[in-house]
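Have a look at the picture, then read on.

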Amino acid sequence: MPKGDFLGEFEVLVLAALQRLGDEAYAVTIKHDIESRAERPASLGSIHAALGRLADKGFVVFRASDPLPIRGGRSRKHSRITPAGLRALRHSTTSLVRMIEGLELGVRR
């Protein structure tokens, strides 16, 4: 995997949210997914920045929805993970699992 293709922690969270949300993935739903599942704050600005970086790497593509059916309704910018993005997500999560396997982390739920 080329050096620029490695993912940061937040990029992993964003790609995981995209994979989980499918066609319903846009900034607000990504934010809610990360905050509820990863239990960490995620600003819309950080999500947009991460999506831009991921698109530059070829891991994400965008499409605009039809405008919302309300007065002044706007389009949403939906995001979709690409096959390359799925490979990068798989590679990053597998590497992380290998690194922490066998560690005593003292994590309690």
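## Before the first helix

A quick word on terms: helices here are DSSP runs of type H or I with at least four residues, and they are numbered from the N terminus. Keep in mind, too, that this is a predicted model.

With that settled, let's start at Phe 6, which lies in the segment before helix H1, the helix that covers 9-21. Is Phe 6 buried, exposed or partly exposed? Its relative accessibility is 42%, so Phe 6 counts as partly exposed.

## Where H2 meets H3

Next up is a pair of helices. Two packed helices are described by the angle between their axes and the distance between the axes. For H2 and H3, the axes come within 10 Å and cross at roughly 110°. Angles of 65 to 115 degrees count as roughly perpendicular, and H2 and H3 are therefore roughly perpendicular to each other.

Which residues make the contact? From H2 come Ala 27, Val 28, Ile 30 and Lys 31, while H3 brings Leu 44, Ile 47, His 48 and Leu 51. Sorted by class, that contact has 6 nonpolar residues, 1 polar and 1 charged.

## Thr 29, tucked into H2

Thr 29 also belongs to helix H2. Its relative accessibility is 18%, so Thr 29 counts as buried. What does Thr 29 touch, leaving aside residues up to four places away in sequence? The answer is Leu 21 and Glu 24. As for Ala 17, it is 12 residues apart from Thr 29 along the chain, and their C-alpha atoms are separated by 8.5 Å.

## The loop with Glu 39

Between helix H2 (27-37) and helix H3 (44-56) there is a loop, and Glu 39 is found in it. Most residues other than glycine have a negative phi. Glu 39 counts as exposed because its relative accessibility is 63%.

## Rings and charges

Finally, the rings. How many aromatic pairs does a search of the whole structure find? It turns up 0. There is a ring with a charge over it, though: the charged end of Lys 77 sits over the ring of Phe 62, 4.2 Å from the ring's centre.

Conventions:
Residues numbered from 1 in each chain as written. Predicted model: local features only at pLDDT ≥ 70, side-chain atom pairs only at ≥ 80, totals over all residues. Heavy atoms only, no water. Phe/Tyr/Trp six-rings, centres within 6.5 Å; stacked < 30°, edge-to-face > 60°. Lys NZ or Arg CZ within 6 Å of the ring centre and 35° of its normal. Helix = DSSP H or I, 4+ residues; strand = E, 2+ residues; numbered from the N terminus. Buried < 20%, exposed > 50% of the residue type's maximum accessible area, 1.4 Å probe, protein only. Axes fitted to C-alpha atoms, helices over the stretch in contact; angles between N-to-C directions. Parallel < 35°, antiparallel > 145°, perpendicular 65-115°, else oblique. Contact = heavy atoms within 4.5 Å. Nonpolar A, V, L, I, M, F, W, Y, C, P; charged D, E, K, R; others polar.
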